[in-house]
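Let's take a walk through this structure together, one step at a time. Have the picture open beside you as you read.

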Amino acid sequence: MQELIVRAKELLASGQVARVLGWKKGEHSYDPEVAFFNDAESLQDFVYDGFCGANLSKYMIEASKLEGKTLVFLKPCDSYSFVQLMKEHRVDREKAYIIGVGCWGKLDVRKLGAEGILDVEIAGDVLKVSSLYGDSEVAYKDAMLERCHVCKGKEHKVFDETLLESADTVDLDRFAEVERIEAMSPEEKFAYFQSELSKCIRCNACRNVCPACSCRKCVFDSTAFNSEQKANTTSFEEKMFHIIRAFHVAGRCTDCGECSRVCPQGIPLHLFNRKFIKDINRLYGEYQAGADLEEKAPLTSFQTDDAEPGADRR
Amino acid sequence: MRRIGVFVCHCGSNIAATVDVKKVVEMALLEQGVVHAEDYPYMCSEAGQSRIAEAIREKQLEGIVVCSCSPRMHEATFRKCAERNGLNPYLVEIANIREHCSWIHKDMQEATEKAVILMRAAVAKVHLNAPLLAGESAVTKRALVIGGGIAGIQTALDIADAGYHVDIVEKEPSIGGRMSQLDKTFPTLDCSACILTPKMVEAASHENITIHTWSEVEKVSGFVGNFTVDIRKKARYVNMDKCTGCGICQEKCPSKKPLNEFNRGLNNRSAIYTPFAQAIPNVPVIDASACIKLNTGKCGICEKFCQAGAIDYKQQDEIITEQYGAIVVATGFDTIKLDKYGEYAYNESKDVITSLELERIMNAAGPTKGHLERLSDGKAPKEIVFIQCVGSRCSDDRGKPYCSKICCMYTAKHAMLIRDKYPDTNVTVFYIDVRTPGKNFDEFYRRAVEDYGVNYVKGQVGKVAPQPDGSLLVHGVDLLENKQILKKADMVVLATAIEPNPDVRKIATMLTASIDTNNFLTEAHPKLRPVESPTAGVFLSGVCQGPKDIPETVAQAGAAAVKVIGLLAKDKLKTNPCTAKADELRCNGCSQCANVCPYGAISYETKQVNDHGIREERRIAVVNSALCQGCGACTVTCPSGAMDLQGFSNRQIIAEVDAICR
Amino acid sequence: MPVTENWKPTIVAFCCNWCSYAGADLAGSSRLAYPADVKIIKVPCSCRVNPMFILRAFEKGADGVILCGCHPGDCHYSTGNYYARRRMTLLFSMLDYLGVEDGRTRVEWVSAAEGVKFSETMNSFVEKVRALGPNVRLGDLRCKN
């Protein structure tokens, strides 16, 4: 972590970058937040550890409008999102100085197995958790975010320089959960999603964090479709919102998993996106959004002999 | 709230017999904003339209719903009616209660309920219709004709005579097409070359016609009135300006192996060749695959003998780009391949030939100098069998489902000509039906039977078996006598089905013109717009649209020319206002819409916007409404709903959905 | 909603202007009957149909939604139905994943000449939706159970 701060100070001092986009200590050791640092002094609050899961690429949309370059730290998976945003002309590559930072898996606070957590000490492979109700330990691997168990790889898709080594964290099949649901009966599927989506409180955290959900004005907030919706009224249709949100990001979602990470209700929202990714891979060939700046996206291209809708279920 | 008028048409009894029109009127008056509703026996009539006019004036209507026949029938009528009476034509919606309701439902209550729902959907939509103004675009006063057969030549001549410039693009070295390969024409038996050649000469010498032979259309962009076309002028290796057409090069060329395409491959030609004596232009081309000089670097005999110095082995393909206001497709036909018809022994015996090959054999310039002889041994055939419908009217996938239309008549012609010139040769025709609708056609056929003694047998041929003695044993049936026939023949002629030129698929794709399952180009309307393609500015001439004979082809060629002239005579064209439009405050500038636009109509501009007080520069999609054809592909790729389609907006369609489902 | 013998489904059919709407017209002029439950909405091309329209129809009470367009390769706009095909393939697969009955959605390519196919398609689709009964799972797009 110190080398990131040192390098950031150098770049600020040389005038190569006007500011730094990174993570800042939060109230507790396990809740760092995204922050801009405008000078060397403010960097004393900079932090980079297992709790820095936040994908910074989306913040570069606004940072691209600012004067001068912004130094941004991107983990390997974040770099896919950045490339996808470049592809959509939403970020300006020239306005970014990208340090690709290594990653060894990020942590999910919900998996620490404790309530009322006061502090978490990362001691190598073990996390020492102290809470209002006592102390406990949990293996680092067991507390990793789901997305890290199915990590896309250690390679940065875009960077100016890289710092810190990444570690392999993959030990699960990315599509196993989708397949488990696909194998259910329609009644079971419906019951599963009904119970999951019923938790939705329409806080919009998934939408706000998603690098693909970067519309200047979301359809669900505008009058374009006569579909504007508000929270806490009976008219909010969770299914409509989540299906359409997944459809809008289909072929653009890099599977960064931020939606599920930030959902305060713990809804596995990535299962919508991953279903589309699985279908796209199966029907139209392997495609990873954000892996390639030039590659044609699956929903804005076609083959004349594509599968017919519903063909494989008849 | 808009003031809406609803007009319910009885269409005589077409609608009123199944839909309770009074009930529809009654229900319409309960809809929000509907201030007027009435029914009338024929809304499209003069009297019906004047009722609409009166209601617009007296009730100050701001939107109209006509519950009537399909919008494909009378939408234009009612829009014009609205326009004449001061209402924007795009504030008219049609509820299709005839084709989609009264004609398919029998129960009155059920049909009436559905008609009411369709009316409600139209009312809901028209509340959100925006008054649209058709734009204007200029017209390039020049036409392109693709194909230089009789269809293309006639179309070009008619357009050129009206004073507009026409370019003909022909892929062969000469214009003339299939007609130039024919010997005589039915039902008058005049020589094909004698009537075609003057037209070819006229086209070549016409001041308004430019002919590009040995050329192909490479790329088409643009839209009605403003097409941009790339034409590939293939390397001819002969300088058109210098060549005098003396023919010595062809005589001296040592490469004589290539099959003569003009004679249907029945004999050979030289590597440098003009396809036939009356070719226009009378300038040969070098067949690069057969030329010794081009392949090995040695030879150069033609260059040596050419006194005009016209040979140029270094010539390259050249792409020229031209602008046109209209395009006529006249790509013609070919006969089908007979590989799937093994029973006729076409690939086994030289004496089993197609009718088009017979045309070449009968022709004085053909491979046998016009003598009717067997290609196997040069002997005069004494027994000839004609087999009809080879690959036509076929129910399996070996042939074509349609009737090729010309075969009955040309077979009667062949039979008659043979009996006339070689009275000791017997001619038998196996047929399914003899179809002779056409002026003087049936008389012609009867003459073949009655005056020339041609033996017509109703029945099909199951097999043609080549015999060791060189003859052909034809196994047929006589359906009228109900008996098997075994007939020994010296020659068998197959009336082979015709199919559109295979290149037409590529051309149709470039033109975005639609094509049917048989590769014939589709008309805008099979009865009422037979020479127009559904793609504006693209017209159809000749067999590319469907099988037809020469007089029909010439008639259609003239009709296509009239449509082109009508188009080119306009200075400005009205453009469809139902185009896409981007809302600059909602647009992300992400380029997804441009990726799916088939017309390249979407571009991006960096623009200063004021988004509720936030002033910033943004990348914004801009639609070129002259290029946009209004498909709506862009609207669905746009996640923010910034891209919308005028006339079919998101809110309009949602309103229809809501009205139907409520 | 209790399923009674008299229950009639609400079916929304989106038809492209150039092929399928004309095919429906031909079914009409050929007097080829299909149930009155089908209500057609004209769109310029199958690629104009937004998944939002389909979900909206279900939300407002449709029991089945069918989309008809030109046959692949014959699109008036050359490529529209190819995009529609991918979009609907993914959308329908997602609905299936959510446990929505498969028979409620369908895409069929109907040309302007296929009046018979249009009528047969609508007959078989309505029959299937009738067998499924009223749409409950997408009828209320809220999830609270």
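Which residues in helix 18 of chain B meet residues in helix 2 of chain C? Keep in mind as we look that this is a predicted model. From helix 18 of chain B come B:Ile653, B:Ile654, B:Val657 and B:Cys661, and their partners in helix 2 of chain C are C:Phe53, C:Arg56 and C:Ala57. Sorted by class, this contact has six nonpolar residues, no polar ones and one charged.

Now look at how these two helices lie. Helix 18 (residues 650–661) of chain B and helix 2 (residues 51–59) of chain C have axes 9 Å apart and pack at an angle of about 20°. Because angles under 35 degrees count as roughly parallel, helix 18 of chain B is roughly parallel to helix 2 of chain C. Their crossing is right-handed.

Next, find the sheet in chain B. Here four strands form an open sheet, in the order 2-1-3-4, with parallel pairing. Strand 2 (34–40) and strand 4 (92–96) of chain B are the edge strands, each pairing on one side only. Strand 1 (residues 4–9) and strand 3 (residues 63–68) of chain B pair over five bridges, and B:Ile4 stands opposite B:Gly63. Helix 1 (residues 21–28) of chain B lies across strands 1, 2 and 3 of chain B, while helix 3 (residues 71–84) of chain B lies across strand 3 and strand 4 of chain B.

Finally, turn to chain A, where 38 residues are in contact with 33 residues of chain C. Helix 6 of chain A gives the largest share of chain A's side, eight residues. By class, that side has 21 nonpolar, six polar and 11 charged residues.

How values were computed: Residues numbered from 1 in each chain as written. Chains lettered and ligands numbered in written order. Predicted model: local features only at pLDDT ≥ 70, side-chain atom pairs only at ≥ 80, totals over all residues. Contact = placed C-beta atoms within 7 Å. Nonpolar A, V, L, I, M, F, W, Y, C, P; charged D, E, K, R; others polar. Axes fitted to C-alpha atoms, helices over the stretch in contact; angles between N-to-C directions. Parallel < 35°, antiparallel > 145°, perpendicular 65-115°, else oblique. Left-handed = near helix turned anticlockwise from the far one by under 90°. Pairing = 2+ DSSP bridges.
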